[in-house]
Amino acid sequence: MDRQVIIARNIRARREELRLTQKDVAERSSLSVAGYRKIESGKVEEPRMATLTSIAVSLNLPLMTLFEEPRSLVSVRFRAQKKVRVRQRIIESMARWLEDYEYLEDVLDDHRPFKLAQVASQVSTYHGDDSKPVYAAKLAREAMELEEDEPILDVVGLLEWIGIKVRMMKYTNDGFFGLSGWGSSYNSPGVIVCDNNSISTERKIFSAVHEMGHLLLHRDEYDISHENEIKEHEDEANSFASHFLMPDSRFQEKWRELSGKSAYDRVMIIKRVFDVSYKTILMRLVEHGAVDYAEAQKYIYNNHRIKENRKLGSKTEPYAIGREYPFIARRLDNLVRQAVEGDLITVSRGAEILGMSNTDMRQVMQEWNWALAG
Ligand SMILES: [Zn+2]
């Protein structure tokens, strides 16, 4: 790769990570927007060192990292229905994130092995009455020490606990909900969930578990060159997520318990028991042969209009989970804090790992001191 292209890709990836516009960076670097844009698109053959230095400072990056070949992750699964324009850059940022994460685990000697590795191998040789995704969901819950009737109150915390690295990212395009991959140094699994405000919490929870399903069911399918979704695999990951979040015996119990209620009320009450979308409930009813999906969807639309006196949008989640659900990753932040406080990494390296500016990082560090007495 040409040097100017490498520089261009690095500064663009970093700028997007910090969610800055080209104008922001140009201003901070005392460049014209046109001048900055030329460098970012790789059109300047030999950018001046002084210019690159000021860009690096604006992006809170050590100058040397501008010249590093972008890291690529071979073991990633990123498939989307539509063509995702920024695919390559998302993959690069995932590679960097997993690499930094594994590096921190190394310097702190705090690795967390993947607790479901055993489950994955058990599932691959399973030939029983259940489908593989349903069996995998059952084994995964057991490995996580979840009781059959135990709702999942904090899916991200649970994933981190069993050794899956989780990251929330906001993206400008809506072409996908999540992706997953394996770190290059220690083969640790990582999941990125699209955290756009337009996506319901139910959907984010489901996406995180859907990716866990891929990690368990499709280990051999992690290949960066595959861009298109395979319907069968997507269905399997969806089935895994549905049965992991809502074990069927428990669902049936709830459904019967509410037998005197209207179907609309039953769907809306039960979706809140399991923190799933109403569509997940409809899909389960379809699985049981109870309804036809299109008719059930129409029924929900009609009843919602009557009960709520307004139309239900096709992407709207009725009676949605609010901000009270703790959809947050915390392990990486904790590792960064330990490494910074132990002088194992610099503050600006910590900021870089967390995708923050130095100023934001210093603010966060001050808040670290809100320690509990005793
Ligand atoms: Zn998928």
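Biologist: In which helix does S124 lie?
Modeller: This is a predicted model, in which local features need pLDDT of at least 70 and side-chain atom pairs count only at pLDDT 80 or more, while totals for chains, interfaces and linings use all residues. Residues are numbered from 1 along each chain as its sequence is written. With helices taken as DSSP runs of H or I of at least four residues, and strands as runs of E of at least two, both numbered from the N terminus, the run at residues 117-124 that holds S124 is helix α6.

Biologist: Is S124 buried, exposed or partly exposed?
Modeller: With C-beta atoms placed from the backbone, a residue is buried if 20 or more other C-beta atoms lie within 10 Å of its own, exposed if 12 or fewer, and partly exposed in between. S124 has 13 such atoms within 10 Å, and therefore counts as partly exposed.

Biologist: Which residue in β3 is the bridge partner of R77?
Modeller: Strand β3 (residues 178-182) and β1 pair in the antiparallel sense over two bridges. In β3, the partner of R77 is S180.

Conventions
Two strands pair if DSSP finds at least two bridges between them.
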